[in-house]
Amino acid sequence: MRSSKMSFLFSIALIVVNVLFLFTIVSCQDLVSRVLFPGLTLGILGFIAVITFAVLLTWIYVRYVNQSESK
Amino acid sequence: MADTITIFFFVAMIISTLMLTFFAARKTKITEDFYAAGGKISAFQNALALVGDFVSASSFLGFTGLIAVNGFDGLIYPLMGLMGWPLVLFLVAETLRNLGKYTFADAVAFRMRPIPIRIAAAISSMMCTLFYLLAQMVGAGYLIQLIFGIPYVTAEIIVGAVMIIYVLFGGMIATTWVQMTKAVLLMIGAFILTYLVWSKVGWNPFELTHKAVEIYGDDILAPGKLYSNSWDLVSLGLAFMFGTAGLPHILMRFYTVPDKTAARKSAFYATAMIGLIYLLTFFLGFGAMVYVGRDVIANFDKGGNMAALLLAQALGGPTLLGYIAAVAFATILAVVAGLTLSGAATISHDIWVGVIRKKTLKKGEEVKVAKIATIVLGVVSILLGIIFQGQNVAVLVGLAFSIAASSNFPALVLSTYWKRATTQGVVASMVVGGLSSVTLIGVSPTVMIDILHCESCWFPFKNPGVFTIPASFVLGIVVSLLTKDKEAETKYQTLCKRMSN
């Protein structure tokens, strides 16, 4: 049941990040369009960061569950 | 657009996948082989097959085109497509592997009264599968016509016939091999194209977007072209996210691995591979924008679906174009085969075995019914594909995801994670989720304004996920609290044991 709690916590984290990013894209267009250096905007950085976050979260989850099962 | 090399790749793809089916047919002996490849697929193989099942032509070619034509706004679709995968891992993959046998209804019905659950699950699964299959068939006919110059009706018949052969003779084993082959070829193609794009910009990916800004202006990296309402975008994002975790043909793949560890690993590998493919569409989209040009892409197809193919032609010549075209064709075949198998399993396993015949089933009858259902589904999808030629079927994909998100996913979560859930509650959740999705999309701008050309619409959102998903959960909880299901409550302990084993 501990892994169920983890599943829900991780799911909520993912949903919150996804919803916040999508909401920001439309409601804070100036912020999303801000150029960090030529060719890279805050929006593109956000896109890469959210994809990386999703993949990292799955990796952490798999490691956690594998470790707790081997104990 | 078709030349000798493209036709060669097209024919080679059909012959090689049919050979795979021939070998798979020799391995398909019992019911479990037909539906679940005997549960002998490894985690990595299943991950490849999941990629093959999920990344459709509309996502590989369509997302690249959306980025090439719209710039930053096009990036949102691949992002939404990926975000459902971690949910599949966290909440669905292991649960299904431990509780079910062949379909997602097995897991939902584990501790509930099976007949009402299987009927409700079968209706919502068939709606998802048919809408998604029809969208794929219409898209496939159109794409094959565009790429290979084959008439639309002939293209529909080829795709339908090959899909029937895969599933009919090779079942899940052939479908898995076709999906794995497609995933590998797709990743190779995406890597080659990315390599060619990067080599053009001195291995600096942001030089690519900088070039796009120099040609098309700052606007290309700014949002606001495709979406103007935050809640509408959030609603679409939620439907994609929860819908991925409720698509019957995706969920069915978790029965093909030997245990829950393999299910977990395959969901993780699939997430990483899909994330990688969608990151690569970023470079392919902007690459096509810079090295092909938005006007050229839009001249071929307004939606930009030809962007990846035109980029292949521009950077790699006719050979690479032929290869990417063949990959697009394999992509179509892999997805429709997975959908057909899922539909056949719903008809034979959930309805014929679970509701009609129950314990009076004869040996071999289930597979026989599944094979008849495969032929019927194949013929129906060819006919519907021909009837819907030229129609805007994008709404059907939204509908399939919305039903999966609002009907299948809440039912799966409530029935497996909440002790107090009752049969009545879960059925109510599925019925309301499915009905509200169909109704609200029917009165949305996508249908009323884009398709029916009305001046206004009754529901302002393009996708109703933000309303239908919570409504389905809330109704499932309220009805469960108002009703009693002793059997479901007693069996919850068994469910917990099965889930942890």
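Biologist: What does the secondary structure of chain B come to?
Modeller: Keep in mind that this is a predicted model. There are zero strands in chain B. What you get in the way of secondary structure is 21 helices.

Biologist: How does the radius of gyration of chain B sit against the globule rule for 501 residues?
Modeller: The globule rule gives 23 Å for 501 residues. Chain B comes close to that, so it is as compact as a globular protein of that length. The C-alpha atoms fill a box of roughly 65 × 50 × 40 Å along the principal axes. The radius of gyration itself is 22 Å.

Biologist: Which element gives the most to the side of chain A that touches chain B?
Modeller: The contact takes 32 residues from chain A and 37 from chain B. On the chain A side, the elements giving two or more residues are helix H1 (2-27), helix H2 (29-33), strand E2 (40-41) and helix H3 (42-70). By class, that side has 21 nonpolar, eleven polar and no charged residues. With 13 residues, the one that gives the most is H3(A).

Biologist: Back in chain B, how are H3(B) and H8(B) oriented to each other?
Modeller: Two packed helices are described by the angle between their axes and the distance between the axes. Here helix H3 (residues 43-54) of chain B packs on helix H8 (residues 152-200) of chain B with axes 7 Å apart, at about 80 degrees. An angle of 65 to 115 degrees counts as roughly perpendicular. That makes H3(B), relative to H8(B), roughly perpendicular.

Biologist: How many charged residues are in the contact of H3(B) with H8(B)?
Modeller: On the H3(B) side, the residues include Leu48(B), Val51(B) and Asp53(B), and they meet a set in H8(B) that includes Met180(B), Lys182(B) and Val184(B). By class, the contact has six nonpolar and four polar residues. The charged ones come to two.

Biologist: How many of the 32 residues of H12(B) are buried?
Modeller: Helix H12 (residues 260-291) of chain B reaches 46 Å from its first C-alpha to its last, close to the 46 Å expected at 1.5 Å a residue. Gly293(B), with a positive phi near 105 degrees, follows H12(B). H12(B) is mostly covered, and its buried residues number 28.

Methods: Residues numbered from 1 in each chain as written. Chains lettered and ligands numbered in written order. Predicted model: local features only at pLDDT ≥ 70, side-chain atom pairs only at ≥ 80, totals over all residues. Helix = DSSP H or I, 4+ residues; strand = E, 2+ residues; numbered from the N terminus. Rg over C-alpha atoms; globule rule 2.2 N^0.38 Å. Contact = placed C-beta atoms within 7 Å. Nonpolar A, V, L, I, M, F, W, Y, C, P; charged D, E, K, R; others polar. Axes fitted to C-alpha atoms, helices over the stretch in contact; angles between N-to-C directions. Parallel < 35°, antiparallel > 145°, perpendicular 65-115°, else oblique. Expected span 1.5 Å × (residues − 1). Buried ≥ 20, exposed ≤ 12 C-beta atoms within 10 Å, placed from the backbone.
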